[in-house]
Amino acid sequence: MTELSGVDGRPVDGYIRVSRVGDRSGESYISPQLQESALRSWAAQRGLGLVVHPAEENVSGGTMDRPIFNVLMARIRSGESAGVVVYKLDRFARTLVGGLTAFQELAERGALFASATEPAFDFSTPGGRMFLSMNLMLAEYFREQAKESWATSLQHAVGRGVHISPAVGYGYSKGADKRLVVNEAAPFAARAFELRAAGWPYQRIADWLNEHASARPDGRAWVPSTVQRMICREIYAGVAHWGETRNESAHEAIVDRELWQRAQQRIQTHSRKRQDEDMALLHGIARCSGCRFQLSRARTVGGGYDRQYYRCRVQRVSGTCAAPAAVRADRDD
C-alpha cells in the first residue's frame, strides 16, 4: 500500500481490479500498472492524497464481496479515507444492484467517488448518477453476455472431445487438439482400477503404484487420497464433461465402463461385527516415531495366523517417512 500526502489529512483510496481468466492480453486486458498510473495522475492533477491498494486480481466484478474492496470500504466507514477512485466505472462494479448499493453508502457518508478515465462526469449530480446507473446496467449486461458465450464455447468444446480441466489424469497426455491421448503410464492406471475392483484398499493400491508404476507427472508419491481421486474420475472411461454437458466417447478409454463402475463400489475391509468385538484402543493415540503421524490399523491373514498391528502409512502428501514404525496389536498379547 503506497500513500501520498492528502488534503485535510485524509487521502483518497485507489482501487484496482483485474478479472483475469488464464493469460490475457490485448485491448481487453487493462493491466494493474496501467490502472495505477492513471490513478496517480488523476490524484496529482487535483492535489489529492492517494492510497494505492494492492491489485484485486482474478476477482469478478459481479460480486461486491472482495477482499481488497472490503478493506477499502472499511477505511471509508472508519473515516480514514475520503473516498475511492477507480480507473473506470466497471472496475468498481459490474452488477447494477451491488454497484448502486455501494455507491449509495458512499453518498450517505459524504465520500468521494471518481473515475480516472471518465473525469467529465460528476457523480454527485443527477446527470452523473444517471450515467453511473446506465453504465452499471451495461456492465452487467456485457458480463452476462460474456458468461453465456463462455458457457456455449465450453459446451461445443466438450462436444468435440476437448478435455476442459487443466488437470490431466495419470495415464493421459493432452494432444495438440486438446483431447486426451493415452501414454506409457496407462497400463498402471488400468491396473489400479482392477485392484480396487478386486477389493484392495486405497493405501495398498498406493503402495503398489509407488513400487511398480512410473512416476506421477508432479513427482510426488502416491497416497490414498490421490488414488481415490484417480479412481473417481470418469475420464478413464473415455468421458469428457462440463456441467450437464457430457461426451461419452471423447477420447480413448483406459478402462471400460463396467470396470469403472465396479471400482466405485464401497469396499468394507472388515466386518461390523469384528469392529464391535475388537476395538482399536490405540487408534488416534499411537504415533510413528519417524514422522509423528498417527499409526493406521492393519491386519494380515494367512499361513494359519491372523495378525493385527498398527503401522505407519509411509507415503503421505507431505513426503516419505524415513523410519516407519509398526506395533503388534494381537488380542492374545
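The model is predicted. The protein chain has ten helices and 16 strands, and 39% of its 333 residues count as buried.

**Chain as a whole**

- The accessible surface of the protein chain is about 18,900 Å², and carbon and sulfur atoms hold 51% of that surface.
- Among contacts in the protein chain with a separation of 6 or more, 60% join residues 24 or more positions apart.

**Helix pair α6 and α9**

- Two packed helices are described by the angle between their axes and the distance between the axes.
- Helix α6 covers residues 186-197 and helix α9 covers residues 257-264; their axes come within 8 Å and cross at roughly 50°.
- The angle makes α6 oblique to α9, since it falls in neither the parallel range, under 35 degrees, nor the perpendicular range, 65 to 115 degrees.
- The crossing of α6 and α9 is left-handed.
- On the α6 side the contact involves F193, E194, R196 and A197, and on the α9 side L259, W260, R262, A263 and Q264.
- By class, the residues of the contact of α6 with α9 are five nonpolar, one polar and three charged.

- Q264 is part of helix α9 and counts as partly exposed, with a relative accessibility of 29%.
- Beyond its neighbours within four places in sequence, Q264 is in contact with F193, I231 and C232.
- F193 is also one of the α6 residues that meet α9.
- Q264 and A197 are 67 residues apart along the chain, and their C-alpha atoms are separated by 7.7 Å.

**Helix pair α6 and α7**

- Helix α6 also packs with helix α7, residues 202-212, at an angle of about 150° and with the axes 10 Å apart.
- This makes α6 roughly antiparallel to α7, because angles over 145 degrees count as roughly antiparallel.
- The crossing of α6 and α7 is right-handed.
- From α6, the residues F188, R191, A192, L195 and R196 make the contact; from α7, they are Y202, I205, W208, L209 and H212.
- The residues of the contact of α6 with α7 divide into seven nonpolar, one polar and two charged.
- R196 of α6 takes part in the contact with α9 and in the contact with α7.

**Helix pair α2 and α4**

- Helix α2 spans residues 67-78, and helix α4 spans residues 96-108.
- The two helices pack at an angle of about 25°, with their axes 10 Å apart.
- α2 and α4 are therefore roughly parallel to each other, as the class takes in angles under 35 degrees.
- α2 passes α4 in a left-handed crossing.
- F69, M73, I76 and R77 of α2 meet A102, E105 and L106 of α4.
- The contact of α2 with α4 has five nonpolar and two charged residues, and no polar ones.

**D13, a buried charged residue**

- D13 belongs to strand β2, residues 12-15.
- With a relative accessibility of 0%, D13 counts as buried, because the limit for that class is under 20%.
- Apart from its neighbours within four places in sequence, D13 is in contact with L50, V51, H53, L72, R75, S81, G83, V84 and V85.
- Within that list, L72 and R75 have positions inside the residue range of α2.
- Asp counts as a charged residue, and R75, one of the contacts of D13, is an arginine, also in the charged class.

**Loop residues with positive phi**

- N58 is not a glycine, yet its phi is positive, at about 60°.
- N58 sits in the loop between β5 (56-57) and α2 (67-78).
- N58 is exposed, with a relative accessible area of 54%, because the exposed class begins over 50%.
- R292, likewise not a glycine, has a positive phi of about 75°.
- R292 is placed in the loop between α10 (272-277) and β12 (296-302).
- The relative accessible area of R292 is 54%, which means that R292 is exposed.

**G319**

- G319 lies in strand β15, residues 319-320.
- G319 counts as partly exposed, at 30% relative accessibility.
- C291 and G319 are 28 residues apart in sequence, and 9.5 Å separates them in space, C-alpha to C-alpha.

Notes:
Residues are numbered from 1 along each chain as its sequence is written. This is a predicted model: local features need pLDDT of at least 70, side-chain atom pairs count only at pLDDT 80 or more; totals for chains, interfaces and linings use all residues. Side-chain values use heavy atoms; hydrogens and water are left out. Helices (H or I, at least four residues) and strands (E, at least two) are DSSP runs, numbered from the N terminus. Buried means under 20% relative accessible area, exposed over 50%, partly exposed in between (1.4 Å probe, protein chains only). Contact means heavy atoms within 4.5 Å. Accessible areas come from the Shrake-Rupley method with a 1.4 Å probe; for residues, only the protein chains shown count as cover. Axes are lines fitted to C-alpha atoms, for helices over the stretch in contact, and angles run from 0 to 180 degrees between N-to-C directions. A crossing is left-handed if the near helix is turned anticlockwise from the far one by less than a right angle, and right-handed if clockwise.
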